[in-house]
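Here are my notes for a colleague who is opening this entry without having seen it before. Please keep the sequence and the model in view while reading the points in order.

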Amino acid sequence: MSDRPRWYFFAWFAVVAAAHLAVEGWTETTAIGLPVGFAATLALVFVRRLPWWATGEARTASTARGVKVAGFGLLWLLVAGAIVVGLVEHPPHGADVLYAGVFVSIFAGASVFGLVKLLPKRASTRRAVLRWKLVFATTAAWAVGALALAAEVAAIVVTGGWLPWVLPVPSLVVVLALAGWRSELTGPVACLASGRWTPVAAAAFDVRAGEPVDGWAVLPGDVRIKFHLPAVPADIAAELGNRRRLWLAGWPAEDLVVGLPDGDTYAIGFIGHHGPWG
């Protein structure tokens with residue numbers, strides 16, 4: 001299992017915060033609860049090796065998916081119900097209409113984001129697509145930050161005061177999420193762009209194109225590892241199955257970036273165990 005940051009907890013925090021603010025507004029409880037909740041969210045995102053019941057990352061893929069679907073569905077129903085009750089019992093008036101619209105928009109965006117993340121999909125393994133993802137993530141992060149800053153400046157000029165949480169908090173969450181996504185893409189892109197390829201002996205019992213593979217490899221220095229490759233491209237699967245070999249791009253750290261020197265696909269593997277075997 002990878003120890004990458006769990007960025008989706010930022011989306012959950014935004015949904016819960018938006019629902020609370022839509023129903024209760026800004027109160028003394030909110031002033032305390034939001035910082036505490038954000039601190040807890042930071043822990044869930046960045047602290048490694050938390051218990052699976054705290055993060056929903058169960059030990060098997062099927063169980064983990066079931067936990068995430070159930071958790072998302074329950075949270076969505078609770079927040080949606082709270083928003084509906086809040087709007088019916090306390091209809092917004094005046095400036096509150098703007099705030100309510102922002103909250104509902106955040107909830108809708110988080111719902112679509114969560115649904116897209118939960119739907120089964122097969123990621124592209126083309127190197128060109130990976131590079132374009134990095135360009136998009138970089139551009140989007142700067143664009144969102146610049147637009148949020150421009151909106152704050154416009155609010156100060158027009159209204160004489162800044163928007164203390166309606167715009168900055170969601171914008172910060174989006175920028176952090178995009179920055180995290182970019183950081184995940186930077187390593188593989190740098191490895192593939194380095195032009196450094198290292199062939200290593202590797203083996204696996206069941207190698208099929210487009211399917212996950214678990215196997216063993218021997219890195220330079222007689223360091224033997226277990227690895228996991230999700231959705232292996234056909235050319236990499238043929239190299240592993242027929243020649244019992246993997247080509248490593250760059251140098252392995254937490255992840256293994258594999259491909260072929262003259263190919264156009266890649267796969268990112270996770271190291272399950274490493275160290276010399278005596």
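**Notes on the predicted model**

1. The side chains of Asp 264 and Arg 126 meet in a salt bridge, with 2.6 Å from N to O. This pair links distant parts of the chain, since Asp 264 sits in the loop between strand E5 (255–259) and strand E6 (266–273), while Arg 126 sits in the loop between helix H5 (95–118) and H6, and the two residues are 138 apart. Asp 264 counts as partly exposed at 42% relative accessibility, and Arg 126 likewise counts as partly exposed, at 41%.

2. Of its 278 residues, 33% count as buried. The protein exposes about 16200 Å², of which carbon and sulfur atoms supply 68%. Among contacts between residues at least 6 apart in sequence, 67% join residues that are at least 24 apart.

3. Helix H1 (residues 8–24) can be checked by its length: at 1.5 Å a residue its 17 residues should span 24 Å, and its end C-alpha atoms are 25 Å apart, which agrees. The buried residues in H1 include Tyr 8, Phe 9, Phe 10, Phe 13, Val 15 and Leu 21, together with several alanines, among them Ala 11 and Ala 14. H1 is followed by Gly 25, whose phi is positive, near 80°.

4. Which residues form one aromatic cluster? The members are Trp 7, Phe 10, Phe 13, Phe 38 and Phe 46, and of these Phe 10 and Phe 13 are also listed among the buried residues in H1.

5. The structure holds 10 aromatic pairs. In one of them, the rings of Phe 136 and Trp 181 have their centres 6.1 Å apart and their planes at 65°, so the pair is edge-to-face, given that an angle over 60 degrees counts as such. The pair links distant parts of the chain, with Phe 136 in helix H6 and Trp 181 in helix H7 (residues 168–193), 45 residues apart. Phe 136 is exposed, with a relative accessible area of 51%, whereas Trp 181 is partly exposed, with a relative accessible area of 29%.

6. Helix H6 (residues 127–159) is also the place of Leu 149. Is Leu 149 buried or exposed? Leu 149 is exposed, because its relative accessible area is 57% and the cut-off for that class is over 50%. Together with Val 153, Val 157 and Val 158, Leu 149 forms a nonpolar patch on the surface, and the accessible area of these residues together is about 430 Å².

7. Glu 239 is found in helix H8 (residues 234–243). Why does Glu 239 count as buried? Glu 239 is placed in that class because its relative accessible area is 9%, and buried means under 20%. Leaving aside residues up to four places away in sequence, Glu 239 touches Arg 244, Arg 245, Trp 247 and Leu 260.

8. Glu 239 also forms a salt bridge with Arg 245, in which the closest N and O atoms are 2.5 Å apart.

9. How many salt bridges does the count come to? The count comes to 5 salt bridges. A further one joins Asp 206 to Arg 208, with the closest N and O atoms 3.2 Å apart, and here Asp 206 is partly exposed, with a relative accessible area of 43%.

10. A last point concerns Ile 271, which lies in strand E6 and is partly exposed, with a relative accessible area of 22%. The C-alpha atoms of Ile 271 and Trp 216 are separated by 9.6 Å, although the two residues are 55 apart along the chain.

Methods
Residues are numbered from 1 along each chain as its sequence is written. This is a predicted model: local features need pLDDT of at least 70, side-chain atom pairs count only at pLDDT 80 or more; totals for chains, interfaces and linings use all residues. Side-chain values use heavy atoms; hydrogens and water are left out. Buried means under 20% relative accessible area, exposed over 50%, partly exposed in between (1.4 Å probe, protein chains only). Contact means heavy atoms within 4.5 Å. Accessible areas come from the Shrake-Rupley method with a 1.4 Å probe; for residues, only the protein chains shown count as cover. Patches are made of residues with over 30% relative accessible area and no salt bridge: like charges are joined within 9 Å, nonpolar side chains (Val, Leu, Ile, Met, Phe, Trp, Tyr) within 5 Å. A salt bridge is a side-chain nitrogen of Lys or Arg within 4 Å of a carboxyl oxygen of Asp or Glu. Helices (H or I, at least four residues) and strands (E, at least two) are DSSP runs, numbered from the N terminus. The expected span of a helix is 1.5 Å times one less than its number of residues. Rings of Phe, Tyr and Trp (its six-membered ring) pair if their centres lie within 6.5 Å; planes under 30 degrees apart count as stacked, over 60 as edge-to-face and the rest as tilted.
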